[in-house]
Amino acid sequence: MGIVAVCDSAEPLPSGTDQDALIRQLEPLARTGRVFYFVTDDPVRYRIDVLAGVPTPPALSRDLEPCGGSFGLELRAGRLAVHGWSKDGTPVVAGTLELDAGHHALSVLARRPFDGTRHAEDMTVLLGADWHYLQRVNRLGLVGCLPLVLLVITVLARKWQWLWFVLPLLAASWVPYALFKQTGRYKAAERRAHDHEASRPHYVLSVMPSSDAPVTGGFLRV
């Protein structure tokens, strides 16, 4: 299901394989602050981090931005639980966190749109000289695209005799790229970049105790 629900661990949640029916059952719970949920049109996998009782660190503010405002959440037993739904429609606990019982204000931080400059800065800090090495190797792959254009032109023009020149050129342009991609340095740098990206949260839920009047509950469509 494309639904993620946040509530007290003692709160019973509906089951079912019809996402629209689940939302109809969750919405009144969200309006009263017993459950917060966000929903997508398609099933997805999210990495979600939870910040409890602390301000958002500057490092997270660089990559994430507020999304949807603030929502009220009532934790009767004092244990926050994040749920997803399995393919058979069963709510599954993805993680829990001990908090004070009572009223809380929940806000959502979502990833900022991709920015090439910011990404390059992050990769330079993470990989150092290996980031520039990755870029040089990847540019070799772009050079290899040029003979592909010649090959398409050759086929469309039916100049079959040109293939004696185009095919060797195509092979020669791709060989360096293919060889460099198999080096240990390239694979190690690519793996570190992939692991870094996989560790970044898609959303961060900030949960703060609310001593004022309870904030209205709700939900978010993302």
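Mentor: A charge sits over a ring if NZ of Lys or CZ of Arg is within 6 Å of the ring centre and within 35 degrees of the ring normal. Keep in mind that this is a predicted model, where local features need pLDDT of at least 70 and side-chain atom pairs need 80 or more, while totals for chains, interfaces and linings use all residues. Residues count from 1 along each chain as its sequence is written, and side-chain values use heavy atoms, leaving out hydrogens and water.

Trainee: Okay, which residue lies over the face of Tyr-133?

Mentor: Look at the ring centre of Tyr-133 and go 4.3 Å from there. What you find over the face of Tyr-133 is Arg-185.

Trainee: Now the sheet. In what order do the strands of the open sheet come?

Mentor: Strands are DSSP E runs of at least two residues, numbered from the N terminus, and two of them pair if DSSP finds at least two bridges between them. There are 5 strands here, and the pairing is mixed. The ends of the row are E6 (91-98) and E9 (219-221), since each of these edge strands pairs on one side only. Reading across, the order is E6-E5-E1-E2-E9.

Trainee: And E1 against E2: parallel or antiparallel?

Mentor: Take E1 as residues 3-8 and E2 as residues 35-39, joined by 5 bridges. Ala-5 stands opposite Tyr-37 in E2. The two strands run antiparallel.

Trainee: What about E2 and E9, parallel or antiparallel?

Mentor: On that side E2 has 3 bridges to E9. You can see Val-39 opposite Arg-221 in E9. This pair runs parallel.

Trainee: How many residues of E2 are buried?

Mentor: Buried is under 20% relative accessible area, exposed is over 50%, and partly exposed is in between (1.4 Å probe, protein chains only). Both faces of E2 are covered: one side has Val-35, Tyr-37 and Val-39, the other has Phe-36 and Phe-38, and all are buried. That makes E2 mostly covered, and the count of buried residues is 5 of 5.

Trainee: Which residues do the ring pairs link into a cluster?

Mentor: Rings of Phe, Tyr and Trp (six-membered ring) pair with centres within 6.5 Å; planes under 30 degrees apart are stacked, over 60 edge-to-face, the rest tilted. The count is 6 aromatic pairs, including tilted Phe-36 and Phe-38, at 6.2 Å centre to centre with 50° between the planes. Phe-38 and Tyr-46 are tilted too, at 6.1 Å and 50°. The whole cluster is Phe-36, Phe-38, Tyr-46, Phe-71 and Tyr-203.

Trainee: Phe-38 and Tyr-46 again: why does Tyr-46 count as partly exposed?

Mentor: Phe-38 is buried, because its relative accessible area is 1%. Tyr-46 counts as partly exposed because its relative accessibility is 29%.

Trainee: Last one: how many disulfides does the structure hold?

Mentor: A disulfide needs two cysteine sulfur atoms within 2.5 Å. Cys-7 is buried, at 0% relative accessibility, and its nearest cysteine sulfur, in Cys-67, is 20 Å away. Cys-67 is in no disulfide either, with Cys-7 holding the nearest cysteine sulfur. So by that cut-off the number of disulfides is 0.

Key. Helix = DSSP H or I, 4+ residues; strand = E, 2+ residues; numbered from the N terminus.
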